Amino acid sequence: MFDYRNNLKRILMKTDGDDKSLKNSLVAIKTIINMADDKPDNFKSKPNKIKPKNIAQQNHANKEVRNLILQLANLIENPGDKNAKNASLSALHKLTFEPGVGKNYGNALGKLDQAIQKSTPTSEAVNKKIFEDAMKPKEKIKRDYRKGQRYTVIRLVSGADLINDNGDTVYTVKESQVHPLNLKTGDIVEALEDKANPNYEAEILRVVGFRKMRKRDYDEVEEFKYGVVQGNTGSFAITRNIRGEKLKIRGKSVVIPVDSSYYQGENIHIEDGSIVDLAWYSGDVRLKKNPADAVQIRWIYQTEQPKRVQNTKKKKEKTVSNEELTKLDMDLHYQRVGIAIGDNQNEAMLESIVTRYNGIPIPIDAFEGKKKVIENQIKDLDIVILVTAFAAHDSTWNIREFSSKYGAKFAVSSSKGYQSFERALYRAENGLPAYEGNQTIKYEIQN
């Protein structure tokens, strides 16, 4: 090895205090040191190289950090959104599994976890969500493009006659076909003969218009809607409806006895508390002496799901579970509740909520664009709940308009969730704001 000590002594002895001499000496010293650096290759310092395994780990960690940042950004844009919260929590939990992250940032990540879980929707977020849902492109509706012959409807006590332009009855359709369409005398419909179905003479395709008819051309029918069946088996009777209004015929209060055995069937049954529509011909001569002979039950509303004997154990467990659910302090008293959803999405669950509070669920097609059809669906309802997640934009305003026109209580559920719909029902029944938003609304719980 080169001995540089004597050379350094000579340089230092000859170095003066001026800048030029100091600089020259510094250059000479660096040269000597470089000459002395003759260590073998094994002893020379080598740059630290990151192993391929460590590079892969670092890349994976960076990926998880980037994912967490993106999910948190989405949550900030949509405060309280359930999907955004779940995605953020998932990204956070994945990041904690990276080596060293949990140890170095455990406390900070724990606080972030709690902050994410406490995220609640703001009024701006709710309004934004409602607007975005309303502006979503309307899904294509499956339309029936078949063309049928046009007929005029003549309403019967049960069912209806379809007559041609000459006044001749071509088909007689059943109440099960008439009631869902809410057909009235004078409605013009398109229908086709249904040879394949032994239960129906014709299939009604659509309502296409209305014409006013002379009273002498048909027998006028009167009706009593939402009558309540009361009594015990063998002695059922109807005296009033769900609003407490008495059943009156020609100005006199009457009692209509009901033979429950006559109406029992697979999907039809009469019991205490059943809700029915009654109808009779205004000119029936039997109304004077014995009105009960002239009055018929036109429609039976299903306010409960049919009870099944099978799987008794499972049914019992499910009943107990339903009873354990928190119940709001609300009783709908068999009011008709329109559920504006469309395409039967989540219909069964929403109907069960209405039934749970003693209401009569009536689905409304919220994808239907024709104002006349929507109006016919809403005009006889007591309450209308609009689920904005499943409603077409143009139908949304029509549903709101006709609810106001016919005095139906109205509220909006921004999602198809159980609690969101239940609370909307509570607000409608109690005259509270239609939209919950970020305002504080007290929902009373049933004791």
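What follows is a chat about salt bridges and surface charge in this predicted model.

Student: How many salt bridges does a search of the whole structure find?
Tutor: To count as one, a side-chain nitrogen of Lys or Arg has to sit within 4 Å of a carboxyl oxygen of Asp or Glu. Searching the whole structure on that basis, the total comes to 14.

Student: Arg146 and Glu203 meet in a salt bridge. How many residues apart in sequence are the parts that the pair ties together?
Tutor: The N to O distance for these two side chains is 2.9 Å. Arg146 sits in the loop between α6 and β1, while Glu203 belongs to strand β5, so the bridge ties together parts of the chain that are 57 residues apart.

Student: Are Arg146 and Glu203 buried, exposed or in between?
Tutor: Buried takes under 20% relative accessible area and exposed takes over 50%. Arg146 comes in at 36%, and Glu203 has 30%. Because both values fall between the cut-offs, the label for Arg146 and for Glu203 is partly exposed.

Student: Which residue forms a salt bridge with Arg150?
Tutor: Look from strand β1, where Arg150 lies, over to strand β4, which holds the partner; the pair ties together parts 40 residues apart in sequence. The closest N and O atoms are 3.6 Å apart, and the partner is Glu190.

Student: Which strand holds Lys225, the salt-bridge partner of Asp277?
Tutor: Their side chains meet at 3.4 Å, N to O, and both residues are buried. Asp277 is in strand β11, and the pair links distant parts of the chain, 52 residues apart, with Lys225 in strand β6.

Student: Last one: what is the relative accessible area of Lys288?
Tutor: Lys288 lies in helix α8, residues 286–289. Together with Arg250, Lys252 and Lys289, Lys288 forms a positive surface patch. Patch residues need over 30% relative accessible area, and Lys288, which is exposed, has 72%.

Methods:
Residues are numbered from 1 along each chain as its sequence is written. This is a predicted model: local features need pLDDT of at least 70, side-chain atom pairs count only at pLDDT 80 or more; totals for chains, interfaces and linings use all residues. Side-chain values use heavy atoms; hydrogens and water are left out. Patches are made of residues with over 30% relative accessible area and no salt bridge: like charges are joined within 9 Å, nonpolar side chains (Val, Leu, Ile, Met, Phe, Trp, Tyr) within 5 Å. Accessible areas come from the Shrake-Rupley method with a 1.4 Å probe; for residues, only the protein chains shown count as cover. Lys and Arg count as positive and Asp and Glu as negative; His and the chain ends are not counted. The place of a charge is taken as NZ of Lys, CZ of Arg, CG of Asp or CD of Glu. Helices (H or I, at least four residues) and strands (E, at least two) are DSSP runs, numbered from the N terminus. Buried means under 20% relative accessible area, exposed over 50%, partly exposed in between (1.4 Å probe, protein chains only).
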